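This report describes one protein chain fold, starting with the whole and then turning to some of its parts. Please keep the sequence and the model in view while reading.

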Amino acid sequence: MLVGAEIVPVDGPAMVLLAMTREGYGRLSSLITVGRRRAEKGECRILMSDIGDFSAGLLCCVPLNQESQLRFQRKYEPGLSIEVDEALLGRLRTIFGDRCYALAELHRGVNDAQRLHHWQNTCRDLRIPLAAANDVHFHDPRRRALQDVVTAIRCGGALQSLGYELFPNGERHLKSGHEILEVMGGNRDIIDRTLEIASRCTFSLDQLRYEYPEELVPAGLEPGDHLSNLTWRGAAQRYPDGIPEKIRRMIRHELTLIRDLHYEAYFLTVYDIVRFARERDILCQGRGSAANSVVCFCLGITSVDPGRIDVLFERFVSRERNEAPDIDVDFEHERREEVLQYLFDRYGRDRAGMTAAVISYRPRSAIRDIGRALGLSSDSIDKLAGQMEHVDGEEQFAERMRAGGIDPESLLGRRLLDLLGALLNFPRHLSQHPGGMVMSRGPLSELVPVENASMPGRTVIQWDKDDLDALGLLKVDCLSLGMLSCLRRAFDLVRSTHGLELTLATVPSEDPLVYDMISRADTVGVFQIESRAQMSMLPRLRPHCFYDLVIEVAIVRPGPIQGNMVHPYLRRRSGEEPVEYPNPDVRDVLHRTLGVPIFQEQAMRLAIVAAGFTPGEADQLRRAMGAWRKTGVIARFHEKLVTGMLARGYQQEFAERVFQQISGFGEYGFPESHAASFALLVYVSAWIKRYYPAVFAAALINSQPMGFYAPAQLVRDAREHGVIVQPPDVNYSNWDCTLEPTSSVSTTRGPFSHRDAGTALRLGLRLLRGLPEESARRIELIRQQQGPFSSFEQFAARTGLNRTTLQILSRSDAFASLKIDRRSALWQALPSRESLPLFSTAEGLQEDAPIPELPRMTEQDQVVADYTFSGLSLRKHPVSFLREKLQAMRVLTSESLSETATDRRVKVAGLVLMRQRPSTASGITFITLEDETGIVNLVVYPGVWEVFRSAARFAGIMLATGRLQREGDLIHVVCERLDDAGELLQQLETRSRDFR
């Protein structure tokens, strides 16, 4: 493979630069970096002088026909010269010497022979060898239509308007040697020059060697010694009563392996990142494979004690794998940027960069770009794109296209379908990885080109995660996690309100009351276990210890579900099925999960002890389990696994069942270490919710957007837990939700015993739609400095807010403490009449005229306005105003479903809170409705979804008809019909959280 790039200097011709050596590759990468860093994202500005500066080790190939580049630059016009200027060719010959070649590219034009003859003479005069090329843009002639569409997408216009920007024929495809020889008029020497170019380029990507940064080691110490010192010091802090002998053995084993594989600098780098975050009170938590490591635990990278779980360090670092470990660290999502900028500052822009991610076309983005290329109207494109959600296969695409107003059998419809099939999963653009950072000892630009990101202060390398893994580059995932922001706020509120200092490590563990709450599926807002699937599992699993939470996090995943692990585990846990093991070896691996392999580490161990896999082969199995997006990868291990187990005396049925379970991990399964890291956050967030529900609700709302539930549902859940909630108000509210003393007693349902009694949740101004944070902060500051506001006029004068902001506050009923209702406040917030031409000559209208007697809003109007301007209401639930109509339609309340017989046909209605379609649900969609009495769970099969798709996908208030099903305490309605009931409450504006 030849490694190179097409370079287009702003003051020179297009050229292809090929890396002849490792030095040449570094120069080419650095040249691209210079051009990219000099321009905005997506642009490149390289000068001919740069070419000279970075020419060492590079071979230059100059297309004599510059037609492609002129078309790309939108400068091509028939009749204009498309030949390279001979003076520029001579300049390149001077720069590169015998490393400069000219390229002949012919595409069956009318004067190919004449052009080739001219090029041969020019190259002879300039003493530049002439080689054959083809300016390839697509591999097969049949892809020419797709090439034209991609060109239209790049140019931002319709195909019919591009004119000469499109190629005149489809000859720019891959050709055989015989075809190229024919196009070149039988001139074999031109073909030989092409082979000569290939033979001179000996560089291979295998020659790239990554070197870890080393400046984190104090003078006079080796990296291994420094890491050892930090680890033992951390171990003494983690185990103040003495380091257990088991932990000592683990530390010695891990440190030895880390030293042998020269990974000390990697661990020190991650330790330094976490140290920086903790010094600035940025909550962070290592997860993933790092939780397999007691060294990571002692360094403070993870808070999960490996002694509490049965982990496999070789899942994280192994001699056989011989590749860098992968440590993910989650940070508060609102403060992660501080960590990234620290890395840029510490290592410099030349040694640190963010990882890229290749974004591919999905149905909606593909249909939008294709529609614009084909010249469809914006309305038609929007209508089509709205139908392209959750589609699979050409037949379903055709149905959605017909629903979008285009006949799939028409000429346009067939073109759309063909192009859609070709463009799906096609690379669309280069984006940023969510948080992958790459740091190097030397200049990073000599390994990979670096460019500016869209966001100021960031630079991005041009490779994605898979590229880094293939070349063994160090990557640290500095990820953002909303729950960490929530927990940081919760810890701060508990400290300021209750005087209790909490951390992830000091929250009291194994509290039975917390596990009781979890087992009741009372987990709205709790990390990882708030989804419909998790809530359905909790009453069946009934976790009563930390390891049960580890299993809970891991078991509701596509891997265990597809591998048929869930029901056997539940049956064994409940005593419905005996727990049996074929021998002690298998028992040692599976006893903690009752004989069912739930974690990737268990699958690796099973392969070793039961099928005779070597550790290296078990790691290959791990890789196959990790390639969950690539179907069929794990099937290659079937024969080896089953044959190995049969040879060791296991029954065929047991061997096949084990393979089926392991193959389920090919559909995304969790390693135990990852589940343990998440389980810690599950427990801590549940503990806060159980004992400090007002704190928990405030922290969740202040950390939005995150999770499954909107603030309206979080507030409702808090009130059901006995929390007094007060509305947003200019005299009491800050930007964030706060806690304030109260003497009120909750009259909401319960009872719930908690430590927030006597504390009310005051909703923040952040909930008011359209209100700028800057304005809310100003209100807060003025109130703190000058005291509360006493009138609307005083408020307006003291804050100096503009009329638009005053109207937002008025419509949101934020002046209630001033004894001004919504309409009166809005009247006063209207633009000054002096500024309106209509009133410039009017008599008898004074600016200080009294507020007219405005008609009072009904309670229903107030609730509708609350939802419209803040997304929730503390008055009544919107559906309560429809109850009389709904009763006439025999619609049941959520509360009454518990008293309704199983399999009875029922009607239910409510606000749509969320729609979910798990990948393991075979196309089934789960919809959650809310009425004034509680939650209704709907199950919508694909056929029903398609028939009633408009209501199913877009209704804000839904009426559902179906059969009631009950499984223990879980109740859901299997839908037969769905209707949009929005017309019953037309002004109400709600926003569901769909497909998260």
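Among contacts in the protein between residues at least 6 apart in sequence, what percentage join residues at least 24 apart? The value is 71% in this predicted model.

**The whole protein**

The protein contains 40 helices and 21 strands. It has 996 residues, and buried residues account for 55% of them. The exposed surface comes to about 44,200 Å², of which carbon and sulfur atoms supply 49%.

| Pair | Residues | Angle | Axes |
|---|---|---|---|
| H14 and H17 | 363-373 and 411-423 | about 130° | 10 Å apart |
| H30 and H31 | 672-691 and 693-702 | roughly 125° | within 5 Å |

Helices H14 and H17 pack at an angle of about 130°. The crossing of H14 and H17 is right-handed. On the H14 side, the contact is made by Pro363, Ala366, Ile367 and Ile370, and on the H17 side by Leu416, Leu419, Leu420 and Leu423. Sorted by class, the contact of H14 with H17 has eight nonpolar residues, with no polar and no charged ones.

The axes of H30 and H31 cross at roughly 125°, so H30 is oblique to H31. From H30, the residues in the contact are Ser685, Ile688, Lys689, Arg690 and Tyr691, while H31 contributes Pro693, Val695 and Phe696. By class, the contact of H30 with H31 has five nonpolar residues, one polar residue and two charged residues.

Where does Thr355 lie? Thr355 is part of strand S8, which runs over residues 352-360. Is Thr355 buried or exposed? Its relative accessible area is 0%, so Thr355 is buried, the cut-off being under 20%.

Leaving aside residues up to four places away in sequence, Thr355 touches Gln432, His433, Gly436, Met437, Val438, Val460, Ile461, Trp463, Asp464, Lys465, Leu468 and Lys475.

Definitions and conventions. Residues numbered from 1 in each chain as written. Predicted model: local features only at pLDDT ≥ 70, side-chain atom pairs only at ≥ 80, totals over all residues. Heavy atoms only, no water. Helix = DSSP H or I, 4+ residues; strand = E, 2+ residues; numbered from the N terminus. Buried < 20%, exposed > 50% of the residue type's maximum accessible area, 1.4 Å probe, protein only. Contact = heavy atoms within 4.5 Å. Areas by Shrake-Rupley, 256 points an atom, 1.4 Å probe, with all protein chains shown as cover. Axes fitted to C-alpha atoms, helices over the stretch in contact; angles between N-to-C directions. Left-handed = near helix turned anticlockwise from the far one by under 90°. Nonpolar A, V, L, I, M, F, W, Y, C, P; charged D, E, K, R; others polar. Parallel < 35°, antiparallel > 145°, perpendicular 65-115°, else oblique.
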